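Here is a short report on one chain and its contact with a partner. Look at the structure first, then read on.

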Amino acid sequence: MNLAPHLPALQVVVPLIAAPLTVLLRQRSVAFAVALVASWLALAISLLLWWQVANTGIISYAIGSWPAPWGIEYRIDRLNSFILVLVAGIAALVLPFSRASIESEVAAQQHYLFYTMFVLCLAGLLGIAITGDAFNIFVFLEVSSLSAYVLIALGRDRRALFAAYQYLLMGSIGATFLVIGIGLLYLMTGTLNLADMGQRLASVQGTRPVLAALAFITVGVSLKLALFPLHQWLPNAYTFAPSAVSAFLAATATKVAVYVLLRFYFTVFGESAVFARLPMQQMMLLLALAGMFAASTIAIFQTDLKRLFAYSSVAQIGYIILGLSFNSVSGLTASIVHLFNHGVTKGAIFMLLGCVALGVGGTSLTRVQGLGKRMPLASFGMVIGGLSLMGVPGTAGFISKWYLLLAALEQGQWWLVFMIALSSLLAAVYVWRFVEAAYLREPHQNTTNVAPTPWLMSVPTAILVLAIVYFGLDTSFTMGTASEAAAALIGGSR
Amino acid sequence: MTGATTSMTLGSHFTYFITIFLMVAGLFIVISRPNLIKKLIGLGIFQTSVYLLYIAPAKLIGGTAPILSNAFTVYSNPLPHVLILTAIVVGVATLALGLALVVRIREAYDTIEEDDILARDSNAEDNGNAT
């Protein structure tokens with residue numbers, strides 16, 4: 001049997017089948033093996049799909065052979081093949097990491113269920129990215145969200161429960177807003193296929209239900225991607241979740257939500273409709289700037305590193321939305337590249353924090369005092385991640401900030417260049433707080449012995465840290481894909 | 001606008017008024033009630049209003065299921081009904097998970113009032129014994 005034409009379906013089906021398998025097998029090492037195989041297969045499939053799209057163009061796959069627009073279509077272009085690689089890549093690295101990491105953070109009898117939820121979340125996120133059907137997006141969004149709530153609630157601190165509950169409320173409201181928006185669009189166009197919807201919307205553009213749909217979808221997805229000031233669920237969720245979960249969600253969940261926003265704005269509504277009839281550009285610009293400054297400022301005053309970097313995530317989302325608000329090819333390119341680079345950077349940072357939590361028993365700033373001497377490699381990795389957040393040349397973060405600056409200059413907005421530089425300075429301040437504690441302070445007395453980091457944790461983490469540097473030096477993969485994806489979005493592939 | 005057209009608008013938009021009322025009422029409960037169970041009830045009402053938003057326009061009075069026969073000419077659109085069947089399943093799963101979390105929260109905090117939970121956490125932090 002030739003499986004090659006069915007790769008789009010397998011991308012989602014493989015992790016989706018692995019999820020019930022892990023429940024049935026129960027044995028935690030067997031469950032781990034199944035989950036690991038599923039996540040690596042997903043990565044292999046996503047790379048194959050990326051390669052296929054790069055060579056032969058858009059892939060359209062009709063689920064169950066029902067042709068679009070009646071059936072559900074999986075449609076893979078440059079943009080979502082890029083997102084698929086990011087999500088599957090992070091999952092393939094976090095999963096081996098999680099085996100040793102949850103050993104100390106999750107009760108042993110729950111381990112196999114952890115893997116179930118993890119691959120289910122992966123299936124959901126891949127599904128959102130790959131599908132070309134509006135209602136299918138909602139279903140996969142809920143698959144990934146429900147499993148994410150469970151993963152967060154697995155944290156050993158009781159506050160993890162309340163964080164998961166709050167995320168559940170906010171996430172469900174966000175998803176329901178999205179369904180309301182999709183429902184209004186369906187009423188106006190009579191189709192759920194995204195590309196078809198985009199074409200049919202042209203004749204009813206600017207009517208009140210369509211504008212209402214735009215508003216509902218914007219608010220709903222903004223809740224999911226933690227756009228300031230709708231980010232309230234994020235810091236607690238990332239702080240109290242198990243380390244592996246923080247790493248996976250921080251690197252992928254909000255990024256996939258950004259993808260959904262891009263897809264709706266540029267494929268369904270079309271940039272002219274989004275930005276012409278409502279002051280979306282100004283609104284997005286304002287919220288992005290507010291996020292960049294407010295969240296970075298809050299981050300500076302945190303005493304726990306996980307919470308500090310969670311707020312930093314909110315600020316970095318601001319950069320991504322800022323690029324989007326320019327409504328230009330270069331702005332979108334910067335957004336898409338930053339989406340990838342920030343995913344890699346944050347994934348690495350939260351995985352390092354997982355190693356640190358295991359090594360010295362916590363991630364508060366007092367715990368990591370003198371970390372430079374006690375865990376030299378981990379603190380060096382943290383510094384690289386921090387430099388990437390600031391946007392220092394030689395790291396992935398520099399590439400995306402550089403293109404964001406260029407995009408701002410192209411708009412002739414000199415003051416924005418100044419603002420981006422200023423908020424990077426805030427990033428430097430919160431990263432410095434870690435550097436100061438790790439290198440300039442003496443170790444805390446009552447935490448003298450450092451637990452060794454298992455190789456299952458250190459190797460994936462090291463790979464991701466090296467990826468930060470690699471994507472800072474060789475941009476052919478990231479920039480090449482992102483610029484083509486942005487051109488396709490703006491150029492009207494619809 | 002004359003009285004007749006106003007009542008026409010009211011009549012033809014009747015389901016939308018109900019939908020919006022349920023939507024806003026549900027959202028208001030989620031925001032204003034500190035009790036975690038009541039919040040979930042509000043969330044349920046909010047989600048249910050969306051079912052109505054999909055179903056009401058799809059239903060034709062006197063319409064049947066789309067059966068291929070000369071005896072039936074007026075059909076209701078089956079697709080929104082199917083979509084909402086999926087949404088109901090999602091809603092049930094969300095509610096179940098939410099309630100399960102509330103049970104765990106009650107075990108850990110011995111309360112399901114949001115204010116009490118926040119107060120207990122900040123007390124624990126002040127005493128320095130937060131785990």
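Among contacts in chain A between residues at least 6 apart in sequence, 78% link residues at least 24 apart. Two residues are in contact if their C-beta atoms, placed from the backbone, lie within 7 Å.

This is a predicted model: local features need pLDDT of at least 70, side-chain atom pairs count only at pLDDT 80 or more, and totals for chains, interfaces and linings use all residues. Residues are numbered from 1 along each chain as its sequence is written, while chains are lettered from A and ligands numbered from 1 in the order in which they are written.

The pLDDT (the predictor's confidence in each residue, from 0 to 100) averages 87 in chain A, and 98% of the residues score at least 70.

Chain A has 20 helices and 2 strands. These are DSSP runs, numbered from the N terminus: helices are H or I of at least four residues, strands E of at least two. Of the 494 residues of chain A, 65% are buried, meaning that 20 or more other C-beta atoms, placed from the backbone, lie within 10 Å of the residue's own. The C-alpha atoms of chain A fill a box of roughly 70 × 55 × 40 Å along the principal axes.

Now the interface. Chain A gives 23 residues to the contact and chain B gives 27 residues. On the side of chain A that touches chain B, H6(A) gives the most, with 14 residues.

Conventions. A residue is buried if 20 or more other C-beta atoms lie within 10 Å of its own, exposed if 12 or fewer, and partly exposed in between; C-beta atoms are placed from the backbone.
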